[in-house]
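Have a look at the structure first, then read on for the details.

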Amino acid sequence: MALRACGLIIFRRCKAGISAAATDAIEFLLLQTSYGEHHWTPPKGHVDPGEDDMSTALRETEEEAGLDSSHISLVKGFHKELNYNVQNRPKTVIYWLAELKDYTTPVRLSNEHQDYRWLQLEEACKYSGYQDMKDTLKEAHQFLLNQEVEPRQQ
Ligand SMILES: Nc1nc2c(ncn2[C@@H]2O[C@H](COP(=O)(O)OP(=O)(O)OP(=O)(O)OP(=O)(O)OC[C@H]3O[C@@H](n4cnc5c(=O)[nH]c(N)nc54)[C@H](O)[C@@H]3O)[C@@H](O)[C@H]2O)c(=O)[nH]1
């Protein structure tokens, strides 16, 4: 059976970017592991026995970034499944999208991570390096762009 992990792609919007250029102000949170290849991913982790996927995503986000459900708003309609191999075992990772409500809320790392960054799309893709995560970040960004355009057309 595939390993299963769940997490949240957390983003925040810079205060300065409220007008037409708002989308340039979107920053994604990536955490760098303190072990292994020191790779960068959004907060996520393995599903515990009996735990549902969303509970895992929220628990891991709180454990790894110190952000709980009072700090974030889930974005409805965005859900992405990544499938890759880890040491020759298939792994499935489910991500939802969530906005940090207050731009200034601090991130608090656990000992699983050694660093974090808030990154605009292009930089976030470079830090990740994985094609499937780059595609996911681009899709999330586009999803947010579409959301911003729609209200203005009404
Ligand atoms: N000392 C030590 N300890 C480790 C190590 N390893 C784990 N621990 C322990 O496990 C606990 C973590 O538990 P959780 O937090 O519950 O799980 P996850 O968050 O799921 O964490 P993982 O790091 O296990 O899983 P991934 O991020 O999935 O990385 C696995 C590999 O997949 C590749 N990869 C990553 N992302 C992508 C992607 O987006 N796209 C693609 N295509 N590939 C991607 C990349 O090649 C990477 O090397 C830690 O506390 C440690 O104690 C290790 O090497 N040394």
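Let's begin with Trp40, which is buried at a relative accessible area of 9% (buried means under 20% relative accessible area, exposed over 50%, partly exposed in between, using a 1.4 Å probe and protein chains only). Before going further: this is a predicted model, so local features need pLDDT of at least 70 and side-chain atom pairs count only at pLDDT 80 or more, while totals for chains, interfaces and linings use all residues. Residues are numbered from 1 along each chain as its sequence is written, and side-chain values use heavy atoms, with hydrogens and water left out.

How many aromatic pairs are there? The count is two. Rings of Phe, Tyr and Trp (its six-membered ring) pair if their centres lie within 6.5 Å; planes under 30 degrees apart count as stacked, over 60 as edge-to-face and the rest as tilted. Trp40 pairs with Tyr127 in an edge-to-face arrangement, with 4.8 Å from centre to centre and 90° between the planes. Because Trp40 sits in strand E3 (residues 40-41) and Tyr127 in helix H2 (residues 121-128), this pair ties together parts that are 87 residues apart in sequence. (Helices, H or I with at least four residues, and strands, E with at least two, are DSSP runs numbered from the N terminus.) Tyr127 is partly exposed, at 27% relative accessible area.

The other pair is Phe78 and Phe143: the ring centres are 5.6 Å apart and the planes are at 70°, so this one is edge-to-face. Phe78 is buried at 5% relative accessibility, whereas Phe143 is partly exposed at 23%.

Arg117 belongs to strand E7 (residues 113-119) and is partly exposed, at 31% relative accessibility. Leaving aside neighbours within four places in sequence, Arg117 is in contact (heavy atoms within 4.5 Å) with Phe28, Leu29, Leu30, Trp40 and Tyr127. Its side chain also makes the two polar contacts tabulated here. A polar contact is a pair of N or O atoms within 3.5 Å; within protein, one must be able to donate a hydrogen and the other to accept it, and residues adjacent in sequence count only if both atoms are side-chain atoms.

| Side chain | Partner side chain | Distance |
|---|---|---|
| Arg117 | Asp115 | 2.7 Å |
| Arg117 | Tyr127 | 3.3 Å |

Now for Thr56, which is in helix H1 (residues 53-65). Is Thr56 buried or exposed? Thr56 is buried, with 0% relative accessible area. Beyond its neighbours within four places in sequence, its contacts include Cys6, Gly45 and His46. Cys6 is buried too, at 0% relative accessibility.

Finally, some backbone: His38 has a positive phi near 55° without being a glycine, and it sits in the loop between strand E2 (26-33) and E3. His38 is partly exposed at 33%. Asn88, also not a glycine, has a positive phi of about 65°. Asn88 is in the loop between E5 and strand E6 (89-100), and at 75% relative accessibility it counts as exposed.
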